[in-house]
Amino acid sequence: MSAVTNVLPYAVAAWLFGVGLYGIATSRNFIHLVGCLGVCQSATYVLLLGLGYRWGSIAPIFYDHPPGTPAVDPVMQALVLTDIVVGATLTALLLVLTVQAYKRGGSLDPGKLRPMRAGGQTDRDRSSDRGRPAA
Amino acid sequence: MTVILPLLFLFTATSGTAVVLVRDPTRQVFAIAINGLVLTILFDALQAPDVALSELAVGSAAVPLLFLVALMAVRTQAPGEDA
């Protein structure tokens, strides 16, 4: 029982990271891909909090406990807090890039992404010539 | 207490897998919000109430709203036109 519970946070973190990578590799939609990247990041939350956790200890708030009571590691919690904020920012940035790629390329499929050319013209625009503003 | 923490870890792994396996982005938004809620409960059980609070605000409210905004921008905008 104890061996299982000691290994479980690392196993869950590895599983979440692997599943997220699988989703990124097999995704056919950029928005779905950003969601899979969020799963990869939640693996880091679980790993860091699992590193700092101690069985039977309190949260690192000593308002109603005497100083010296065993508590979980507050440094790991600060790292996870930073990680969450960075993850939200990264999600927002990647979603904006997704919308821009859809505007330029006309598709959300990573397999249909074309290399960008000078002037922002893609193959699709050249063949259909639809909706281009006069530059 | 010794049983609920492994259960929450397994529940986290399950909900993360669900986020990946739901391929439709519109339905994936709900999976992401549920995953954020499960992570919130896990962090609270791991004695990290401040992290749980910020995960509740960010992971299950702000990030799904960002996904909804991106889906709306993709849906209402024909490809190729600048706005």
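**Helix packing and chain contact**

Trainee: In what order do the elements of chain B run from the N terminus on?
Mentor: The secondary structure of chain B comes to three helices and zero strands, where helices are DSSP runs of H or I with at least four residues and strands are runs of E with at least two, numbered from the N terminus. From the N terminus on, the order is α-α-α.

Trainee: What kind of model is this?
Mentor: Residues are numbered from 1 along each chain as its sequence is written, while chains are lettered from A and ligands numbered from 1 in the order in which they are written. Local features need pLDDT of at least 70, side-chain atom pairs count only at pLDDT 80 or more, and totals for chains, interfaces and linings use all residues, since this is a predicted model.

Trainee: What percentage of the residues in chain B is buried?
Mentor: A residue is buried if 20 or more other C-beta atoms, placed from the backbone, lie within 10 Å of its own, exposed if 12 or fewer do, and partly exposed in between. Of the 83 residues in chain B, the buried share is 41%.

Trainee: How are H1(A) and H2(A) oriented to each other?
Mentor: The axes (lines fitted to C-alpha atoms over the stretch in contact, with angles from 0 to 180 degrees between N-to-C directions) of H1(A) and H2(A) come within 8 Å and cross at roughly 165 degrees. Angles under 35 degrees count as roughly parallel, over 145 as roughly antiparallel, 65 to 115 as roughly perpendicular and the rest as oblique. H1(A) and H2(A) are therefore roughly antiparallel.

Trainee: Which residues of H1(B) make the contact with H2(A)?
Mentor: H2(A), residues 30–52, and H1(B), residues 4–21, pack at about 160 degrees with their axes 8 Å apart, which makes the pair roughly antiparallel. From H2(A), the contact (C-beta atoms, placed from the backbone, within 7 Å) takes Gly35(A), Cys36(A), Val39(A), Ser42(A) and Val46(A). From H1(B) come Thr12(B), Gly16(B), Val19(B) and Val20(B).

Trainee: How many charged residues does the contact of H2(A) with H1(B) have?
Mentor: Ala, Val, Leu, Ile, Met, Phe, Trp, Tyr, Cys and Pro count as nonpolar, Asp, Glu, Lys and Arg as charged, and the others, Gly among them, as polar. This contact has five nonpolar and four polar residues. The number of charged residues is none.

Trainee: Which element gives the largest share of the side of chain A that touches chain B?
Mentor: Here 45 residues of chain A are in contact with 38 residues of chain B. H1 (2–26), H2 and H3 (74–105) of chain A each give two or more residues to that side. The largest share, twelve residues, comes from H3(A).

Trainee: Is Leu33(A) buried, partly exposed or exposed?
Mentor: Leu33(A) lies in helix H2 of chain A. Leaving aside neighbours within four places in sequence, Leu33(A) contacts Ile24(A), Ser27(A) and Pro110(A). With 19 other C-beta atoms within 10 Å, Leu33(A) is partly exposed.

Methods: Two residues are in contact if their C-beta atoms, placed from the backbone, lie within 7 Å.
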